[in-house]
Amino acid sequence: MADEEVVAAVLSGNTPLYELLMRRYNQRIYRTVLGIIGRPEDAEDAVQHAWLEAWRNLGSFERRSSFPTWVTRIAVNSAFGRIRREGRAIELATPDRSRPESESTTPEVLAMSSQMREILEREILGLPRDYRIVLALRDVEGMSTAECAEALDVTEGVVRTRLHRARAMLRERLEKLGTCEMAALMAFAGHRCDRAVTSVLNAISSESKTR
């Protein structure tokens, strides 16, 4: 089903179909909020909050942009709102090594050196926020310049400038480490994706009963 068909079905009462949208775009939303917040443990909570906000506002989706761009914009607003509520920028945390490697299930991740992946992710998350979010959306997630600009509510020229600077900041480290498959970075799969989907669907079910 196309995204628009799924949205129409959910709005008509077929709430379980919302899972299809979450499964399709969970990784994009995770990379978006992680690029803003910088802490994986906080980003996972922010993913769930963004999907709940998107469900609550699903009726306002007017197809002026694609669904993934629309929901990415919601995720951006949600993540910045979280930072404002805390009253401070969330600092980069040390990598969480307590989670099993089995959560990273894509072939690209499994084939990549774990140590190299950790270094690259740490370097990306160590960039200033404006640069890391553009790098995450453009180079890691593969969004177009236009999509990225719409999601971040900036001009395409701003996206290009920030991306150029972000790449320059990483270039020296990347040259030392060698080539890496960018699409495998900042993954959100396996148990983490399942956990987020289950949590959001449970929250939606509870809210639906009170309406």
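This is a predicted model: local features need pLDDT of at least 70, side-chain atom pairs count only at pLDDT 80 or more; totals for chains, interfaces and linings use all residues.
Helix 2 and helix 3 cross in a right-handed way. The axes of helix 2 and helix 3, the latter spanning residues 40–56, lie 8 Å apart and pack at an angle of about 130 degrees. Because of that angle, helix 2 counts as oblique to helix 3. To find the contact in the structure, look on helix 2 for Tyr18, Leu21, Met22, Tyr25, Asn26, Ile29, Tyr30, Val33, Leu34 and Ile37. Their partners on helix 3 are Pro40, Asp42, Ala43, Glu44, Ala46, Val47, Ala50, Trp51, Ala54 and Trp55. Sorted by class, the contact between helix 2 and helix 3 holds 17 nonpolar residues, one polar residue and two charged residues.

Now step back to the whole protein. The secondary structure consists of 10 helices and zero strands, and following the sequence gives the pattern α-α-α-α-α-α-α-α-α-α. Of the 211 residues in the protein, 45% are buried. If you take the contacts between residues at least 6 apart in sequence, 73% of them join residues at least 24 apart.

Let us return to helix 2, which covers residues 18–37, and turn to helix 7, which covers residues 129–140: their axes come within 7 Å and cross at roughly 160 degrees. This angle is over 145 degrees, so helix 2 is roughly antiparallel to helix 7. The crossing of these two helices, helix 2 and helix 7, is right-handed. On the helix 2 side, the contact is made by Arg31, Thr32, Leu34, Gly35, Ile36 and Ile37. Helix 7 brings Arg129, Arg132, Ile133, Ala136, Leu137 and Val140 to the contact. The classes here are seven nonpolar, two polar and three charged residues.

Helix 3, in turn, leads on to helix 10, which runs through residues 190–210; the two pack at an angle of about 40 degrees, with their axes 10 Å apart. That makes helix 3 oblique to helix 10, and helix 3 passes helix 10 in a right-handed crossing. From helix 3, the residues Pro40, Glu44, Val47, Gln48, Trp51, Leu52, Trp55 and Arg56 meet helix 10. Helix 10 answers with Arg192, Arg195, Ala196, Ser199, Val200, Ala203, Ile204, Glu207 and Ser208. By class, this contact of helix 3 with helix 10 has nine nonpolar, three polar and five charged residues.

The loops deserve a visit as well. Leucine 58 sits in the loop between helix 3 and helix 4, with helix 4 covering residues 67–86. Is leucine 58 buried or exposed? Its relative accessibility is 0%, so leucine 58 counts as buried. Leaving aside residues up to four places away in sequence, leucine 58 touches Val7, Val10, Leu11, Tyr18, Phe67 and Trp70. Leucine 11 is 47 residues from leucine 58 in sequence, yet their C-alpha atoms are 7.4 Å apart in space.

Further along, the loop between helix 8 (145–152) and helix 9 (156–177) holds aspartate 153. Most residues other than glycine have a negative phi. Aspartate 153, however, has a positive phi, near 60 degrees. Aspartate 153 is exposed, with a relative accessible area of 56%. Threonine 155 is also placed in the loop between helix 8 and helix 9. With a relative accessible area of 48%, threonine 155 is partly exposed.

Finally, look at two cysteines. Cysteine 148 is buried, with a relative accessible area of 0%, and cysteine 193 is buried as well, at 8%. A disulfide is a covalent bond between the sulfur atoms of two cysteines. How many disulfides does the model contain? The count comes to zero, where a pair of cysteine sulfur atoms would have to lie within 2.5 Å to qualify.

Note on methods:
Residues are numbered from 1 along each chain as its sequence is written. Side-chain values use heavy atoms; hydrogens and water are left out. Axes are lines fitted to C-alpha atoms, for helices over the stretch in contact, and angles run from 0 to 180 degrees between N-to-C directions. Helices (H or I, at least four residues) and strands (E, at least two) are DSSP runs, numbered from the N terminus. Angles under 35 degrees count as roughly parallel, over 145 as roughly antiparallel, 65 to 115 as roughly perpendicular and the rest as oblique. A crossing is left-handed if the near helix is turned anticlockwise from the far one by less than a right angle, and right-handed if clockwise. Contact means heavy atoms within 4.5 Å. Ala, Val, Leu, Ile, Met, Phe, Trp, Tyr, Cys and Pro count as nonpolar, Asp, Glu, Lys and Arg as charged, and the others, Gly among them, as polar. Buried means under 20% relative accessible area, exposed over 50%, partly exposed in between (1.4 Å probe, protein chains only).
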